[in-house]
Amino acid sequence: MSQPVSHFIAGASVQDAAGSKSFEVSNPATGAPLGLVPMSSTEIADQAVAAAAKAFETWSEVPVGDRVQCLFRYKQILEDNINDIADIVVDEHGKTKAEAIGSLRRGIDCIEFATAAPALIMGRTLPQIAVSTSFCRTEDQGGVGIDSQVDRVPIGVCVGITPFNFPVMVPMWMWPMAIACGNTFVLKPSERDPFSTMREVELTRDAGFPPGVLNLVHGGPDVANRLITHPDVAAVSFVGSTGAGEHIYKTGCAHGKRVQCMCGAKNHSIIMPDANQGAAVDGIVGSAFGNTGQRCLAGSVVVCVGDSGDWLVKGVTEKAKAIKIGPGNQEGVGMGPLVSKDAQDRVLKYIDAGAKEGAKLVLDGRAADMPAKGCFVGPTIFDNCTSDMSIVREEIFGPVLSIMRVKTLEDAVDAVNKSEYGNMSVIFTDSGHAARRFQRTAQAGMLGVNVGVPAPMAAFPFAGWGRSFFGDLHANGEDGMRFFTKSRVMVTRWL
Ligand code: NAD
């Protein structure tokens, strides 16, 4: 029996009125109901922003060294609860336990990085930028010295709107740094798997964050759209699909907000004939089928140069066939289900489309050995794909790998650059020259050499180019700190 789910506002659980609309979330591996997520009216957004705005008055005045103490305590609480939270992620999202733990570890990296806020937000000074002689010349110095400094200060109430595919990690790209910098935060997680996000937020209570510093509201586009246009919101950080992200960027900017939107992707990996074959095969399998292909960094297109396609297709197909498919909490399972029935239908539609468009279906995920019940699709591989096919152009967000064959590195980089996205791209090669050519010419925000998933650690910025990103400052790293602060310049003269 599904239970209603609460919002978290000003440190307390808040329920929607009985009878309001809700969205039923179930375990994608078993179909077991997990809860009824409120699809609230916009008043809940107003309530959360009001709580965050009130908390900002005092939180922004707390010394940064004291603010990060809450994060130090919170990190330990997360470490103590990592197993339980990972189990929630497995149940609601379908990841394997190892994938869930891995994603939590990446979230914890973000907490650790945010504890460096005292060093990160430190200002800069330039003494003696000029000497003023007009009003007050002192006898010994020939004038009065003028100094200048720049500080970084919090911007106010910040909003985060997050996707289903990393329900714990992606929110941690946002709120720890925002809060460490002195802001307060309202998070709207994906309606499709919000239970682990709720646990993440509720645990902040035990870390000593004052009420209202971090709030969570549930809902769909209505609640998100109220948050991004609310007059008391200063900044919006979004992660999700390109369609929603472009809308949020345009709407948020039109309402005077600072906005960053990390969006969809169709990532191409290049295989050179001189690549280490074992490393390339392992890297491609992990990148294309890890997290059941539901990753913005999934390498879902491979461009094989010369004869590399022959060994790559053979190796990847053998490895993919060996992946055990099943519920993420079962021993030995390497690939869980897709997040929902809708996601499963969408992937199946693309498999039909690929076959109709003339690609060669080398491995058919519909025929894989997998549980009959649940939202499963096995690893699927198409060979002989071309840039105009929908399975090469569009984000499928499932375990479907499209392989193209070209003659030269230049052809391969052209294929990378034809994509309207530009999140990540990688090359597998033994040639420094080829790697350097790739690095200089491939148009993507995150590049890798001989790695399948070039995920930046928390200290580095995370975002793509093209239609994978709308905004200026990327998530994480120093960019993250800059996004959540504004600069204030002072010019000082003492007469
Ligand atoms: P989604 O766009 O459907 O939803 C993301 C969030 O936006 C949810 O909270 C949702 O409620 C909200 N939303 C959806 N439509 C909206 C609208 N019209 N107006 C306002 N809010 C709206 O994305 P998803 O399916 O949950 O996540 C998968 C997508 O996220 C993929 O495209 C993936 O590539 C992308 N993603 C990108 C990155 C990155 O760093 N670039 C990271 C993770 C996921």
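Q: What should I know about the numbering and the model before I start?
A: Residues are numbered from 1 along each chain as its sequence is written. The model is predicted, so local features need pLDDT of at least 70 and side-chain atom pairs count only at pLDDT 80 or more, while totals for chains, interfaces and linings use all residues; side-chain values use heavy atoms, with hydrogens and water left out.

Q: Which side chain has an N or O atom 2.6 Å from an oxygen atom of the ligand?
A: A polar contact is a pair of N or O atoms within 3.5 Å; within protein, one must be able to donate a hydrogen and the other to accept it, and residues adjacent in sequence count only if both atoms are side-chain atoms. The side chain in question belongs to E395. Polar backbone atoms also take part: one of T162 is 2.8 Å from a ligand oxygen, and one of G240 is 3.4 Å from a ligand oxygen.

Q: How much of the ligand's accessible area does the protein cover?
A: Accessible areas come from the Shrake-Rupley method with a 1.4 Å probe; for residues, only the protein chains shown count as cover. On its own the ligand has 850 Å² of accessible area, and the protein covers 89% of that.

Q: Is N291 buried or exposed?
A: Buried means under 20% relative accessible area, exposed over 50%, and partly exposed in between (1.4 Å probe, protein chains only). N291 has a relative accessible area of 3%, so N291 is buried. A polar atom of the N291 side chain lies 2.7 Å from the backbone oxygen of Q294. S387, at 21%, counts as partly exposed.

Q: Which residues touch the most other members of the largest nonpolar core?
A: In soluble globular proteins, nonpolar side chains tend to be buried together. A nonpolar core is a set of buried Ala, Val, Leu, Ile, Met, Phe, Trp, Tyr and Cys residues joined through side-chain atoms within 4.5 Å. The largest one here has 92 residues, and W175, F185, F209, I271, F289 and L312 touch the most other members.
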